[in-house]
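Here are my notes on this model, point by point. Please keep the structure open while reading.

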Amino acid sequence: MPEALTKTFYIKTMGCQMNVYDSDYLAQRLMAMGMSPVDRPAKADFVLINTCTVRAKPEHKAATFIGRISQLKKHKPHLILGVIGCLAQHKGEELLKRFPAIDFAAGPREIEKIAELVQSGALGKRKILATSLDQPPPSLGIYNGYYKGKVTGFITIMQGCNNFCSYCIVPYVRGREVSRPPQDVIEEAKALIDQGIRDITLLGQNVNSYRWEEGGEIWTFPMLLKKVAGLPGLWRLRFTTSHPKDLSQELIDCFGELDNLCPHIHLPFQAGSDEVLKRMNRGYTRKQYMDLIQKLRLVRPEIAITSDVMVGFPGETRQDFEMTLDLIKLIEFDGLFSFKYSDRRGTLAARFEDKVPEQEKSERLQLLQTIQKDITIKKNKSLEGKEVEVLIEGPSARGKQLSGRTGTNKIVNFNCDSSMIGRLVNVYIKVAYASSLIGELREPLIESQ
Ligand code: SF4
């Protein structure tokens, strides 16, 4: 391995939780090769940026960061700069031309190759573009101590997506759906639990369509979920992201059967009008979506439901938009991730004629977010004066208190000694805001430590 690379690395991660998982994977591979992570690019011999291309904004952010490292490289010529993730897959060749400082660009299915490239010493000798979409997701080898002090962990159970929603770039940059062998997922969960992780989230672009077949044996997502839920020492289990068209009654029933399956589901609906849902190629109707919500609340009344919604999809009329607002008011989500539609090169919708003007998109988004904020506050305020169970994860965002999450995925901040990190406690909610709850630690502590 070349001298320059035997020392330090820095990984900048943008985008979704699957990118965070890929960055954790790479960090552990590099540490297993004797390299050490540093907290600033200026200290690193090897800088990686894990990128996102789901909307225009994260692309701009990536370009800004690459520009910054290009400047740094003028003073550190041996520094190796790599761009990975969905933007590298989508526009790798352009990035290599536009930014001469980049040594290699590799897509999300090529992360295994990066470790090999580091090992072989090929990096820095010539420009490398690796964008094959045929590789299966790598199997994570947990690096001892990597999760020390952490309470929550993530496991990617599948890669890719076959749904081709007309606005979405993911199927083009993450490839076709490939599920990991169930045994690998179970072993990884056991290894995380051994390292003190008590809350695990199973990840995939569309976890509901997880499917593993070998030698006549078939594993579906509910089967895998039940197996992981049964692992000793796992207090909380979660999964994301779900697609409504693959949300089966068997999976819904898991919320009624599995005690440690947290009462929260992230179920993107995207739009409230059937006409728009059809042009988005979402594969369900407004009524079908509403029926799923009803079934979930029947099985687990306290379940928290969050979602994704897009405004300004090509051809979305004012009336279509009103249907979206109406659905939000009817369902009352606990939280919503809301976005303006933006063209993604190569997608079907990018070729649709009837684009909604930018100003109109912004007005729609603002109105929607105002309505949703009131709903979220109302939902959170219903917890004031009540006790909730919280798994303490670490210091709060501002660092003055400790913070943790409820089973319904709400953030709770309260005063408590840091020796309690990793404990399940009861917290009395004093004040609720849109993004977090403020509480007070309550005795006695739950005995199930
Ligand atoms: S389900 Fe649709 S929106 Fe989600 S990743 Fe797949 S194509 Fe994209």
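1. Helix H11 (residues 318-331) packs with helix H12 (residues 358-381) at an angle of about 15 degrees. Their axes are 10 Å apart. The angle falls under 35 degrees, and that makes H11 roughly parallel to H12. The crossing is right-handed. Note that this is a predicted model.

2. Which residues of H11 and H12 make the contact? H11 contributes Arg 318, Phe 321, Thr 324, Leu 325, Ile 328 and Lys 329. H12 contributes Glu 360, Arg 364, Leu 367, Leu 368, Ile 371, Gln 372 and Ile 375. By class, this contact of H11 with H12 has seven nonpolar, two polar and four charged residues. Among the charged ones are Arg 318 and Lys 329 of H11 and Glu 360 and Arg 364 of H12.

3. Now the pair H1 and H4. Helix H1 covers residues 17-32 and helix H4 covers residues 111-120. Their axes come within 10 Å and cross at roughly 25 degrees. H1 and H4 are therefore roughly parallel to each other. This crossing, too, is described as right-handed. On the H1 side, the contact is made by Asp 22, Tyr 25, Leu 26, Arg 29 and Leu 30. On the H4 side stand Ile 111, Glu 112, Ile 114, Ala 115 and Val 118. The contact residues of H1 and H4 divide into seven nonpolar, no polar and three charged.

4. Next, helix H6 (residues 182-194) and helix H7 (residues 221-229). They pack at an angle of about 25 degrees, and their axes are 10 Å apart. H6 and H7 are therefore roughly parallel to each other. H6 and H7 cross in a right-handed sense. Pro 182, Val 185, Ile 186 and Ala 189 of H6 meet Leu 224, Lys 227 and Val 228 of H7. By class, that gives six nonpolar, no polar and one charged residues.

5. Which residues lie around the ligand? They are Cys 161, Asn 163, Phe 164, Cys 165, Tyr 167, Cys 168, Val 170, Pro 171, Gln 205, His 243 and Arg 282. The shell has seven nonpolar, three polar and one charged residues. Arg 282 is the charged one.

6. Finally, the domains. The assignment gives domain 1 (3-130), domain 2 (140-262), domain 3 (268-381) and domain 4 (387-446). How far apart are the C-alpha centres of domain 1 and domain 4? They lie 36 Å apart.

Key
Residues numbered from 1 in each chain as written. Predicted model: local features only at pLDDT ≥ 70, side-chain atom pairs only at ≥ 80, totals over all residues. Heavy atoms only, no water. Near = heavy atom within 4 Å. Domains from an automatic or database assignment. Axes fitted to C-alpha atoms, helices over the stretch in contact; angles between N-to-C directions. Helix = DSSP H or I, 4+ residues; strand = E, 2+ residues; numbered from the N terminus. Parallel < 35°, antiparallel > 145°, perpendicular 65-115°, else oblique. Left-handed = near helix turned anticlockwise from the far one by under 90°. Contact = heavy atoms within 4.5 Å.
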